[in-house]
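Please examine the structure below. The report that follows describes an annotated domain, the surroundings of a ligand, and several local features of the backbone.

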Amino acid sequence: MSRSAHPAGPRHADVLPEGHYSAPPADLNTLDAKVWSETVSRDADGVVTAGGLDVKTLAERHGTPAYILDEADFRARARSWRGAFGSDADVFYAGKAFLSRAIVRWLHEEGLNLDVCSGGELATAISAGMPADRIAFHGNNKSTEEIRRAVEAGVGRIVLDSFQEIVRVAHIAQELGTRQRVQIRITVGVEAHTHEFIATAHEDQKFGIPLAGGQAAEAVRRALRLDGLEVIGIHSHIGSQIFDMSGFEVAAHRVVGLLKDIRDEHGVELPEIDLGGGLGIAYTSDDDPREPHEIAKALTEIVTRECEAAKLRTPRISVEPGRAIVGPTAFTLYEVGTIKPLDNLRTYVSVDGGMSDNIRTALYDAEYSVALVSRTSDAAPMLARVVGKHCESGDIVVKDAFLPADLAPGDLIAVPATGAYCRSMASNYNHVLRPPVVAVHDGESRVIVRRETEEDLLRLDVG
Ligand code: LLP
């Protein structure tokens, strides 16, 4: 690994430019356990290891960039969500965060259910042996074909998202001679404290049926009349990367209000309530997520209290965490390429991936951490911007972070907490090939999604 010196220029400007960062950490070699997966640490030589394997070996075996996913951590998080909610509730992992057949098998083994939102996710789930009755099917524009496949497969629930879909699902179920269990997704008018693009329960948006103006009540009225449907509950998802439980509190209050109205009007107590996902994780040391048992306790207490006040039997609760299970379990391993110090600004550190393997920084202004992982360094901190290799200046992976000033081409750096919505939102922009997902566990590495090849690209390009 060559360690050539940088061209002359300040490593660390005297007056730091504006940005999303706090003071440089006291020690750049320390890995904050908050943002790294469970089995990550440095070995005696200072090289970072995950699942018992050091990153140099991983890079040699699997190349870079690569998503390194800690199987033990994934299973532990899945188990802790499952355990926190206990047998009176269901945990549906949101497959959109990241889905592969290995993930489906691990979820199955750990007793979780699965939320899918497209025919592709459904196919992945079924091909890896997830029992259909443990699958929930979501989406604001499911095609007739997707609905038919889901009903035929016998999915445990379809989450209805519009008036049209109520009729469509009922019709397909009847045609297939069955009754489909459904929940109705409503928007409760809560806007979660998160980025505008990923907040979903306020009313001016494409998901769900608004509670306001009696629309949700009308949807339930219509669904209850249709023979092809068995209405089992109400669904609400208020947004993503949420730390504050007060949004859930308001949502639960309003959902339970609707359950009460349904009981009063139809004499039916719907048995289930789904509060969606959206629980936040730590991307940087400034984030303080709650533990699953605290979240479970808070949500269960809110629903129980609201139901007692409304004199309703407490429904079975379900939740759909995606990011909170898979997000912290993976990091992206990159090799450093070009390094460009800009006087009195910052140093641009280019890596061999970029916005095609992590679009979240460009899309949501998301913040990430980064560390030098192939060695330690005692050099001074340098304000860095980690950028990709794409033809776009918005191609930023980590906007502002401190890396050691002796960083050199060939060093390996890693961005933690990239398990959710990075591989699943990856693209082929500039015909850059999507990285593999490599599971590490007990000193072994296993490719669970292989690296894309140029042949893959050319196979789709039929001339
Ligand atoms: N349930 C429903 C109905 C959802 O729409 C979502 C996420 C989830 C559960 C899981 O949310 P989670 O626990 O993973 O936050 N691409 C964005 C996130 C979009 C989330 C869409 N729905 C991001 O990278 O932040």
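In an unreviewed UniProt entry, residues 332–419 carry the annotation "domain: Orn/DAP/Arg decarboxylase 2 C-terminal". UniProt positions follow the numbering used here, feature names are shortened, and annotations may be inferred rather than shown by experiment. The span 332–419 is 6% helix and 43% strand, and its end C-alpha atoms are 8 Å apart. Helices (H or I, at least four residues) and strands (E, at least two) are DSSP runs, numbered from the N terminus.

The model is predicted: local features need pLDDT of at least 70, side-chain atom pairs count only at pLDDT 80 or more, and totals for chains, interfaces and linings use all residues. Residues are numbered from 1 along each chain as its sequence is written, and side-chain values use heavy atoms, with hydrogens and water left out.

**The ligand and its surroundings**

| Side chain | Ligand atom | Distance |
|---|---|---|
| Arg 360 | oxygen | 2.5 Å |
| Tyr 364 | nitrogen | 2.8 Å |
| Tyr 421 | oxygen | 2.7 Å |

On its own, the ligand has 580 Å² of accessible area, of which the protein covers 92%. Accessible areas come from the Shrake-Rupley method with a 1.4 Å probe; for residues, only the protein chains shown count as cover.

Under "binding site", the unreviewed UniProt entry lists Gly 278, Glu 320, Pro 321, Gly 322, Arg 323 and Tyr 421. Glu 320 is found in the loop that links strand E13 (316–319) to helix H10 (323–326). Is Glu 320 buried or exposed? Glu 320 is buried, because its relative accessible area is 5%. Buried means under 20% relative accessible area, exposed over 50%, and partly exposed in between.

**Features of the backbone**

The peptide bond from Thr 64 to Pro 65 is cis, with omega near -10 degrees. Pro 65 belongs to the loop between helix H1 (55–62) and strand E4 (66–70).

His 431 is not a glycine, yet has a positive phi of about 55 degrees. His 431 occupies the loop between strand E19 (412–416) and strand E20 (437–441), and is exposed, with a relative accessible area of 59%. Asp 442 also has a positive phi, near 50 degrees, in a residue other than glycine. Asp 442 sits in the loop between E20 and strand E21 (444–449) and is exposed, at 67% relative accessible area.

Strand E21 contains Val 447, which counts as partly exposed because its relative accessibility is 38%. Val 447 and Ile 68 are 379 residues apart in sequence, while their C-alpha atoms are 9.3 Å apart in space.

In helix H3 (residues 101–109), the buried residues are Ala 102, Ile 103, Val 104, Trp 106 and Leu 107. Just after H3, Gly 111 takes a positive phi of about 80 degrees.

Key. Polar contact = N/O pair within 3.5 Å; in protein donor to acceptor, adjacent residues only side chain to side chain. Buried < 20%, exposed > 50% of the residue type's maximum accessible area, 1.4 Å probe, protein only.
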